[in-house]
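Work through the exercises below with the model open. Try each task before you read its solution.

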Amino acid sequence: MLAPLLLAALAFEDHSSIPFVLRHHPTPEKHQIETMPGGLAAFDYDNDGRIDLFFTNGAPQPSLIKQHPADCNRLYRNLGNWRFEDVTDRAGLCGEGYSIGAATADYDNDGFTDIYVAGVNRNLLFRNRGDGTFEDVTAKAGLANRGQWAVAAGWFDYNNDSRLDLFIVNYVRWDPAKEPFCGDAKAGYRSYCHPKFYEGLPNLLYRNNGDGTFTDVSQQTGIAQHTGKGMGVAFAQTTGSGPLDILVTNDTTPNFLFRNRGNGTFEETGFTAGIAMNDDGRALSSMGVDFRPMRGPLPDIFITALSNETFPLYRNRDGRTFSDATYASQIGRATMPFSGWGAGIYDFDNDTRKDIFAACGDVQDNTEVYSSRKSKQPNLLLIAKPGDTFEPAPIGTPALHRGAAFADFDNDGRIDIALTHLGGKPVLLRNTLGAGNHWIAFHLRGTRSNRDAIGARIHIVTTAGEQWNHVTTSVGYASSSPTIVHFGLGANTTITEAEIHWPSGERTTIKAPAINRLYTIRE
């Protein structure tokens, strides 16, 4: 009989068939931007019930201009049965510049999901016309803020006006002409530099005006007063109710937790909440993040970081403070050898306990020159066990993995995974874990003025206990996942009720919903 961890590793079948190649354009000078690309988005752009895939891509240096079709960002339509069609040209999504992150949501409330692309000195907003094509509305929307390096972005409604606002995660000031030398000249190797050699940047918050335009409210909301080296962003109701808060992971500087005061301003509380640094008092190389309920109604936090740092897990204690559970959960020991980027908290085996996935690969592509570590790494599945502990299972072929998106691509009730890695084709992993376990999923559509219902919370009750989750697309590193909310039910065949807490404050209760199906519910 195969060991459980080996079974878990074998349960993700490689269905990679997409020919796209992530071109990061490495140079001998080891420019900092080269190690950062790989954001992707999983979303249903044509509303046909199948989750499609969008990939960001790099561009040659120093021009940062997409000079060849191979440098285009790419959209692939899901045809079913793990077949995907390249529809980039028809959709008009090749894009411009050196792209890194993708954030998807229906910002104009027309029922079709739009795309925001974050990149080096150039970000783009593509409006989904609903006919299979997209329009570049960056300038028209007032979002043509050039000159800053954005790694990621996320959509959420910070002021509860039923319009999705945009948060942009900026990294550092970067000038290819001033790239410092890092490495060992005598030994004959060069490496990507530590973030300490670069000046950090404040993040940006844009308020949705409801007419297709946005207003920069970074200063008046208090966001711009805090400079970091941002890598990831996630949103949640930290106290379990009220407006959405913002969690920003920073690379070697303290993480931010922006508490939403509910009056249009935010208070940065990373230190008082206990998530700015780990319990050792160390600011980690924080990368990707997921921020969602794992054990109860309050959201916990999982963050990826670099090897020898561990991937921290912060348990929500009381809605205001968090405790570092990295070692108590066994995650510390399991993640010490790995460098992580994409991250997601999902119940992959449908046993009612949320597991964790991390996309792994070192920052450096020549780690072997100066270390016993490997540059290319397998991914890591952390399987939730009784007692709030996790067991690790390496997943997939070692590579320089970066972004990860999570979705049920084949509509079989299990969460699958799409991954990128530098210089290679995407990896699509079909999940076959949890055979015989049951599930339920919800696609929430809000009022006419907030169709994506981002921020809505769902509470389900079964004979075996309760579970909570929420609607978000901002998951992991530079990537976006669908708004569909998934619950594993294990052997439970009966759900007593499902209660939806809408962003508007309204509630919907569904008595005894049938299992093993996806519900589309409107407010």
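Buried means under 20% relative accessible area, exposed means over 50%, and partly exposed lies in between (1.4 Å probe, protein chains only). This is a predicted model, where local features need pLDDT of at least 70, side-chain atom pairs count only at pLDDT 80 or more, and totals for chains, interfaces and linings use all residues. Residues are numbered from 1 along each chain as its sequence is written, and side-chain values use heavy atoms, with hydrogens and water left out.

**Exercise 1.** Find what joins Cys72 to Cys94, and say which parts the pair ties together.

*Solution.* 
- Step 1. Look at the sulfur atoms: S to S is 2.0 Å, and a disulfide joins Cys72 to Cys94. The cut-off for a disulfide is a pair of cysteine sulfur atoms within 2.5 Å.
- Step 2. Take the angle about the S-S bond. For Cys72 and Cys94 it is -80°, a left-handed link.
- Step 3. Cys72 lies in the loop between strand 3 (52-55) and strand 4 (74-80), and Cys94 in the loop between helix 2 (88-91) and strand 6 (99-105), so the pair ties together parts 22 residues apart in sequence. Helices (H or I, at least four residues) and strands (E, at least two) are DSSP runs, numbered from the N terminus.
- Step 4. Check the cover. Cys72 is buried at 6% relative accessibility. Cys94 is partly exposed at 24%.

**Exercise 2.** Describe the link of Cys182 and Cys193: is it left-handed or right-handed?

*Solution.* 
- Step 1. A disulfide joins Cys182 to Cys193, with S to S at 2.0 Å.
- Step 2. The angle about the S-S bond is 110°, and the link of Cys182 and Cys193 is right-handed.
- Step 3. The pair links distant parts of the chain, 11 residues apart: Cys182 sits in the loop between strand 11 (165-170) and strand 12 (183-184), Cys193 in the loop between strand 13 (189-190) and strand 14 (201-202).
- Step 4. Cys182 is buried at 9% relative accessibility. Cys193 is buried at 5%.

**Exercise 3.** State how many disulfides the structure holds, and give their pattern.

*Solution.* 
- Step 1. The structure holds 2 disulfides.
- Step 2. Count bonded cysteines along the chain. The pattern is 1-2, 3-4.

**Exercise 4.** Describe the whole protein chain by its helices, strands and buried share.

*Solution.* 
- Step 1. The protein chain has 6 helices and 39 strands.
- Step 2. Of its 523 residues, 63% count as buried. Cys360, with a relative accessible area of 0%, is buried.
- Step 3. The C-alpha atoms fill a box of roughly 70 × 60 × 50 Å, taken along the principal axes.
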